[in-house]
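Morning, everyone. Let me put the structure up, and then I'll walk you through it.

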Amino acid sequence: MLNQWLYIGIFVVISLALPAVAILLARILSPKKPNKIKNSAYECGMETYDKTWVQFRIQYYLYALVFLIFDVETVFLFPIAVAYNQATLFMVIEAIIFISILFGGFLYVWRKGALSWY
Amino acid sequence: MSVQQLFFVVFALITIFSALMVVSLRNLLHSALWLIMALLGVASIFAILEASFFAAVQILVYIGAIAILIIFAVMLTHNIMSVAETQTNRSWGIALVMVVIIFFIIITQISTWPGFNTRLQALNIPGQDAVLAFGTGLVDPQGFALPFETASVLLLAALLGGVFIAFDQRREKKS
């Protein structure tokens, strides 16, 4: 059982090591001759003059919320999809009710215009 | 110490360290990123406990969706980096003592429970069959059919409530 996670662990180690090696090698090998133009934030364009942290639109949050709800729905539907060959008609109808309840919520959000960008 | 225990200690330390970083860093966005690391540590502990499905769910829902939600919530706030605010206040020493006392009270109380010292037993069903049993049990009328449908109503309530509150705020801002 742990063996199948061992592969994922190896991939995690490799995926962490590759960028780390690249960054470290660049830091060791690269010559450092800084000047004022090189150190500026943008090669062309104006420097920012105020706080760069601006407030984002509420739509980002709404999209994330809707995504979260349907992500959880996917998690619930996945075991049912695995067990689909053993399912009776009652079980399938139950899954459809589950989906349609959440689809009603999706329709509400859509009709309310919370998903539109203006 | 077996290899499994070594893995557990490593992942537990990663989780605790990340959780400490979440509450001690001043930049909220960095805290949110460390929270992802803490959730990943919890997912690895699920994997060590041979609960593959829950490890996958932890990554999919918590790291994939809730972390995004938290990062977007941070992006919505105005001042995330106030250097003047410190993460501790004067009574942190008393709080630490109280937390340690409460921790030992809880541990001693739980250890009186007869099931405390029983060893963990591995499930007899392999990974695929566990998900299969979960899936049939979820829609089985003798199983968890009613909680399953209730979960959809709960999710619906969360969706409607969140959108209702957030959308009203946006309208106030426009007017």
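**The interface between chains A and B**

Chain B and chain A bury about 5,000 Å² between them, with 78% of that on carbon and sulfur atoms. Buried area here is the accessible area, taken with a 1.4 Å probe, that two parts lose on being put together, summed over both. On the chain B side, L76(B), L155(B) and L159(B) lose the most area to chain A, together 13% of what that side buries.

Some ground rules. This is a predicted model: local features need pLDDT of at least 70, side-chain atom pairs count only at pLDDT 80 or more, and totals for chains, interfaces and linings use all residues. Residues are numbered from 1 along each chain as its sequence is written, chains are lettered from A and ligands numbered from 1 in the order written, and side-chain values use heavy atoms, leaving out hydrogens and water.

Now the contacts, meaning heavy atoms within 4.5 Å. How many residues of chain B are in contact with chain A? The count is 55, against 49 residues of chain A. Salt bridges across this interface: zero. That rule wants a side-chain nitrogen of Lys or Arg within 4 Å of a carboxyl oxygen of Asp or Glu.

Helices are DSSP runs of H or I, at least four residues, numbered from the N terminus. α6(B) gives the most, with 20 residues.

Stay on α6 of chain B, where S152(B) lies. S152(B) counts as buried because its relative accessibility is 0%; the cut-off is under 20%, with a 1.4 Å probe and protein chains only. Its side chain reaches the backbone oxygen of E149(B) at 2.7 Å. Leaving out residues up to four places away in sequence, S152(B) touches F98(A), I101(A) and L102(A).

Cross over to α4(A). F98(A) and L102(A) are among its buried residues, along with M91(A) and V109(A). After α4(A) comes G113(A), with a positive phi near 80°.

Last, α1(B). Its buried residues are A12(B), T15(B), S18(B) and M21(B). They pack against α2 of chain B.

How values were computed:
Buried means under 20% relative accessible area, exposed over 50%, partly exposed in between (1.4 Å probe, protein chains only). Helices (H or I, at least four residues) and strands (E, at least two) are DSSP runs, numbered from the N terminus. A polar contact is a pair of N or O atoms within 3.5 Å; within protein, one must be able to donate a hydrogen and the other to accept it, and residues adjacent in sequence count only if both atoms are side-chain atoms.
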